[in-house]
Amino acid sequence: MKMTPLEFEKPIVELQDQLNELLKKSAGQNINVDKEAAAMQQKIEKLRSKTYKNLTSWQRVQIARHPARPYLLDYVEACFGEFIELHGDRHIGDDDAMPGGLATIGGRRVMLVGHQKGRDTKENLKRNFGCAHPEGYRKAMRLMRMAEKFGIPILSLIDTPGAYPGVQAEERNIAESIAFNLREMMTLRVPVVAVIIGEGGSGGALGIGVANRVLMLENAYYSVISPEGCAAILWKDRKFAPEAAEALRLTATDLKKFGIVDEVIAEPLDGAHKDLAVASDNLKSAILKHFCDLDGLTPDQIRAGRYAKFRKYGEFTEPTA
Amino acid sequence: MSFFKKLSLKGFGEKKKDMPEGQWQKCPACETMLHEIDLSENLRVCPKCGHHYPLDSEERINSLIDEGTWQPMDSHLRTANPLGFKAYKEKVEASAKKTGLNEAVTTGRGSMEGYPVSLGVMDFRFQGASMGSVVGEKLTRAIEAATAERRACIIVSASGGARMHEGILSLMQMAKTSGALAMHHEAGLPFISVLTHPTFGGTTASFATLGDIILAEPKCIIGFAGPVVIRETTHQKLPPGFQTAEFMMSHGLVDRIVKRHDLRGEIVQFLRYFMPAPTVIEGRAATVIA
């Protein structure tokens, strides 16, 4: 698809356009511009490197939301063996924002659950912009229970702005569908690896994110509230989203420091969407490595380890009287 | 409890009243002029129309727990500022000063008609009773104590949700408290969740909706997303009574709506079904409950 550059990418794109222009002109006139072109190319590379190695939190949020960013099914296509999708929560419906099913990756069997966004209006109507309803969370839990029954490890790929804030979602108890997953995922005796591949929008992300290992792509974010939502409440204006993004410490590197994320998975220099092959290779090897690490543990150790991981989260002081 | 303390009326959906410091105020539901003494002697329920005002955690605990049995837990925990969020420390300190509490939830052990319970009560006056690390930790410890000591767990919620100022660590409290409840659940112990006005966001999407029994105070507003967010995101028209306790009950989301004066009796009635009859009332001589 054609990519519209993000605001901070524009200087790079402009230089690239100039270079293209130069090459086009010179080709017609048989003038040697190799030297100029090489210099420009070098300048572009320098600027690219400088820009992408110093991304602000807000710039990463924009990359995480980039319309060309690879989604769950893109990774399935790129680096999974097979994927047999299973539908429905067995009660009210099927949620296309939360596909799931049996899959293989690197020769391993997994139960895959995750969020799926759409790339155009038609797809987004189907996928609801990756915002799942209660039936999505309940389908995911049904599949996770099935995985436990058959001893199949669970892989959760997280990419959602948040659980859907709508009337029907409330009427069908979206809050409980998430809460129930938090409680039940804590008791699973099979390994669970979760990867935040794009947006980790609050409870909507955590609702399939109670895992033994939590991994995160370099430009993904994971936050208690969207930067816009935080800005609207604390700054009284959504335009302060960049400041809120910084304050929330929502990048993969920040979250690694807090011990929330076990591994940050590298992306191609200018984001996963610029090179799906590289991004999916990195994703796949990280997933396999962490499943492999968990292989030797007993079901009880798997479960206890997950609780221990989440039990320790929180920072406070406990002065002795 | 001071009779002259300014009432907190910053409830969701209620107009913020600028009543002068004084002993009289107008009921936001029926507009009757009420004296502070009438209210405080009536569990902050309007004697005329039954409107439920917010109740401080201390008054709530007194209304539920057997006299002389309350042992608070973890009131020494103090909130940190893990993200270095601007002005956060000052906000928490101001709330602590205003309420005399260390954080937005008070937890402890006690008994109800002799039944051993672990009780957590959220206090909306403290940063909208949002859940950060201390709230999550105190609740988790109270639940874990309940599991270890075979107590029923009771949590009275009122909360704006997860606390933004502690970022991802607040989000993780949802998993932590729910995980502790998983162990309590597996131990075959009862968890009774009481929803009061207002309960939203990360609180609703974790422990508050995991009760074996879920009770709600009349007309309280309960939800995941706030009505403004829903309207702005979806442009949907909100049905009448949306997110009230009555609406939630008609959609099958809560077991019963219980008036504040009946709450203790209701909870005890469930404990009679779920727990072995108590033989020893905590801190007092043995009494057999019929």
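Let me begin with a definition: a residue is called buried at under 20% relative accessible area, exposed at over 50%, and partly exposed in between, using a 1.4 Å probe and protein chains only. Helices (H or I, at least four residues) and strands (E, at least two) are DSSP runs, numbered from the N terminus.

This is a predicted model, in which local features need pLDDT of at least 70 and side-chain atom pairs count only at pLDDT 80 or more, while totals for chains, interfaces and linings use all residues. Residues are numbered from 1 along each chain as its sequence is written, chains are lettered from A and ligands numbered from 1 in the order in which they are written, and side-chain values use heavy atoms, with hydrogens and water left out.

I turn to chain A and its helix H2, residues 34-53. The expected span is 1.5 Å times one less than the number of residues.

Which residues of H2(A) are buried? They are Ala37(A), Met40(A), Ile44(A), Arg48(A), Thr51(A) and Tyr52(A).

The axes of H1(A) and H2(A) come within 10 Å and cross at roughly 165°; axes are lines fitted to C-alpha atoms, for helices over the stretch in contact, with angles from 0 to 180 degrees between N-to-C directions. H1(A) is therefore roughly antiparallel to H2(A), a term for angles over 145 degrees. Contact, meaning heavy atoms within 4.5 Å, involves residues including Leu15(A) and Leu19(A) of H1(A), and Met40(A) and Ile44(A) of H2(A).

Most residues other than glycine have a negative phi, and most peptide bonds are trans. Leu43(B), however, has a positive phi near 55°; this residue sits in the loop between helix H1 (36-40) and helix H2 (57-64) of chain B and is partly exposed, at 22%. Gln243(B) also has a positive phi, about 70°, but is buried, with a relative accessible area of 1%. Finally, the peptide bond from His197(B) to Pro198(B) is cis, with omega near -20°, and Pro198(B) belongs to strand E8 (residues 191-199).

Note on methods:
Parallel < 35°, antiparallel > 145°, perpendicular 65-115°, else oblique.
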